[in-house]
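Me: I would like to go through this structure and ask, for each label attached to it, what the label rests on. Please set the value against the cut-off wherever one is needed.

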Amino acid sequence: MLQKHNVGYASTCNAVGQTAGYFMGYVFFMALESYGLVTLPGFLQFWAVVFLITTTLVAVLKSENGTAEGEQEEEDIGVVRTYKLLLDILKLSVMPATIALLLTSKLGFAAADAVTGLKLVEAGVPKDKLAMIAIPMMPLQIVLPWIISRYTAGPRPLDVWARALPARLVLCLVMAGLVWVTPSFQLPDSSFPLHYYGIVIFVYGIYQVVLYSMFVSVMAFFAKVSDPAVGGTYMTLLNTLTNLGGNWPSTLALWCVDPLTVKECQGATNSTVSSLPNSCSSPEDTAQCTESGGVCATQVDGYYLEAGLCFLVGSAWLLLWGRKTIQRLQDAPQSAWTVVRSREHSQ
């Protein structure tokens, strides 16, 4: 959709649009819901209607511009040919390394991204207050893509990604440290002082800088290497792989927290229950401990163990394989990413 000299701003448009959508769908909703002004069903129903109206207006009123002379237009193809095209893209020599990179690059961030917010709520931070922290992040999230795009519009956009990755790994440990110190800030009335939220905003702000540096740079790389003749299909495939690479580690991180956590039953009248190792390892054990007058006390919090493991895995991934693969993909010629030519030869 963008002119060739503006293709580096594709990631900026993506980031700004997603930030605005995140604000409306999360922060704005949490604010209204906390005051009883809306309910989740009503909120979803309202935006479903807005979505139908706006997309209908776009379909009726908006027409695509024709391509300029000398530019290659993306071919209008059907569903079957689209999947054949995707198969051709996957057969490119650069794709196995690209797929492996996108599916594994976020392993080191899984605990911080998926579990930190839940642990803060578990530590007593109100959910609506945690959601409101996103408000001061909004200007930062809108401005950052424009600033970062200046460094990713060149021939090697993933250099920014590679430099931001180790910084993000360290910040993941900082996030775990934030969860660790959170109970010490809690006041007798279970609230938290203003300076605590200032610390949270500062940590999250620094994390957003690194996160958006990686996001904008990888999107700029996709825009650079995608075959312009099939740009939409190519970009969708790469973005899907990126999303999968973030979702499966987060799901795994959420699942692993409980198995890694060690809880012991303390104060139970039934000595058999309290003497068992990890005597609160399941909901049934927890119920039995409670019925015996005991309390399940956490001995080892799986979140902190998981945060350390993620840091080690992410660091090893970067040093042993990731950095070299990033450089190799950036050094690959544009012809290595071109799929239309290979399809023409095969036909």
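This is a predicted model: local features need pLDDT of at least 70, side-chain atom pairs count only at pLDDT 80 or more; totals for chains, interfaces and linings use all residues.

Me: How do you know that the span of helix H7 agrees with its number of residues?

Reply: Helix H7 covers residues 134–152, which is 19 residues, and at 1.5 Å a residue these should span 27 Å; the end C-alpha atoms are 25 Å apart, which agrees with that expectation.

Me: Why is the link of Cys265 and Cys289 called a disulfide?

Reply: The sulfur atoms of Cys265 and Cys289 are 2.0 Å apart, and a disulfide requires cysteine sulfur atoms within 2.5 Å, so the pair meets the rule. By this rule the count comes to 1 disulfide, and with 90° about the S-S bond the link of Cys265 and Cys289 is right-handed.

Me: What makes this pair a tie between parts of the chain?

Reply: Cys265 lies in strand S1 (residues 262–266), whereas Cys289 lies in helix H12 (residues 283–291), so the pair ties together parts that are 24 residues apart in sequence. Both cysteines, Cys265 and Cys289, are buried.

Me: Why is the pair of Trp161 and Trp317 called edge-to-face?

Reply: The ring centres of Trp161 and Trp317 are 6.4 Å apart, which is within the 6.5 Å limit for a pair, and their planes stand at 70°, over the 60 degrees that edge-to-face requires, so the label holds. Trp161 lies in helix H8 (residues 158–185) and Trp317 in helix H13 (residues 302–331), so this pair ties together parts that are 156 residues apart in sequence.

Me: What makes Trp161 and Trp317 count as buried?

Reply: Trp161 has 5% relative accessibility and Trp317 has a relative accessible area of 12%; buried means under 20%, so both count as buried.

Me: How do you know that Phe221 and Trp337 are edge-to-face?

Reply: The rings of Phe221 and Trp337 are 5.6 Å centre to centre with 85° between the planes, and since edge-to-face needs planes over 60 degrees apart, the pair is of that kind. Phe221 lies in helix H9 (residues 194–225) and Trp337 in the loop between H13 and helix H14, so the pair ties together parts that are 116 residues apart in sequence. Phe221, with a relative accessible area of 3%, and Trp337, with 1%, are both buried.

Key:
Residues are numbered from 1 along each chain as its sequence is written. Side-chain values use heavy atoms; hydrogens and water are left out. Helices (H or I, at least four residues) and strands (E, at least two) are DSSP runs, numbered from the N terminus. Buried means under 20% relative accessible area, exposed over 50%, partly exposed in between (1.4 Å probe, protein chains only). The expected span of a helix is 1.5 Å times one less than its number of residues. Rings of Phe, Tyr and Trp (its six-membered ring) pair if their centres lie within 6.5 Å; planes under 30 degrees apart count as stacked, over 60 as edge-to-face and the rest as tilted.
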